[in-house]
Amino acid sequence: MGETIRIIGIDPGLRRTGWGIIESLGNSLRFVASGTVRSDDKAALATRLCQLHDGLVDILNTAMPHEAAVEQTFVNKDAAATLKLGQARGIAMLVPALAGLVVAEYAPNAVKKAVIGVGHGDKKQIHMMVKVLMPKATFDTDDAADALAIAICHAHHRQSVVYRMAALA
């Protein structure tokens, strides 16, 4: 049947970065942990990025995932906010990459489609389906629930991602 793969999903944000860890064995998914890394919104940008970095490093060192998945950034009307989100996303990709993990990226619509079956939906639908797919899942914020959805998306798509990455190497 294969081996159990531990996946961390990361929903990047400068104020709150959600993370969720699941285990995937064949078609079976198991909730491991989730949470939110927070930065001090009164601190300088560089300090906030360090806080996100250090929080994610601690989680990776504790949870020891095999693979990582990060949600792609969407562009909004506020260019400054988009840029800051991109910097937080850079940290979310850098930390697992430095730990030697393959980092997959998924568009928000792909995550929604993998979890709720359609590419558009609200956070309540995502949370409900995360609980349906993993009844023991708990999450402290919307960001943590979204991170679990990202991990679930990766679990559903990981074979094609792993093979594609191997072909590029």
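Analyst: Contact means heavy atoms within 4.5 Å. This is a predicted model, in which local features need pLDDT of at least 70, side-chain atom pairs count only at pLDDT 80 or more, and totals for chains, interfaces and linings use all residues. Residues are numbered from 1 along each chain as its sequence is written, and side-chain values use heavy atoms, with hydrogens and water left out.

User: How are two packed helices described?

Analyst: Two packed helices are described by the angle between their axes and the distance between the axes. Helices (H or I, at least four residues) are DSSP runs, numbered from the N terminus. Axes are lines fitted to C-alpha atoms, for helices over the stretch in contact, and angles run from 0 to 180 degrees between N-to-C directions. Here α1 (residues 45-63) and α2 (residues 79-98) have axes 9 Å apart, at an angle of about 30°. Angles under 35 degrees count as roughly parallel, over 145 as roughly antiparallel, 65 to 115 as roughly perpendicular and the rest as oblique, and α1 is therefore roughly parallel to α2.

User: Which residues of α1 and α2 make the contact?

Analyst: From α1 come L45, L49, L52, H53, L56, V57 and L60, and from α2 come Q87, A88, I91, A92, V95 and P96.

User: How do α3 and α4 cross?

Analyst: The axes of α3 and α4 come within 9 Å, crossing at roughly 45°, so these helices are oblique to each other. In α3, K112, V115 and I116 meet Q125, I126, M129, V130 and L133 of α4.

User: Where is H120 found, and is H120 buried or exposed?

Analyst: Buried means under 20% relative accessible area, exposed over 50%, and partly exposed in between (1.4 Å probe, protein chains only). H120 lies in the loop between α3 (108-116) and α4 (123-133). With a relative accessible area of 62%, H120 is exposed. Not counting residues up to four places away in sequence, H120 touches N109 and K112. Between the C-alpha atoms of H120 and N109, eleven residues apart along the chain, the separation is 6.2 Å.

User: How many disulfides are there?

Analyst: A disulfide is a pair of cysteine sulfur atoms within 2.5 Å. By this rule the model has zero disulfides.

User: Are C50 and C153 buried, exposed or partly exposed?

Analyst: C50 counts as partly exposed because its relative accessibility is 45%. C153, with a relative accessible area of 0%, is buried.

Methods. Helices (H or I, at least four residues) and strands (E, at least two) are DSSP runs, numbered from the N terminus.
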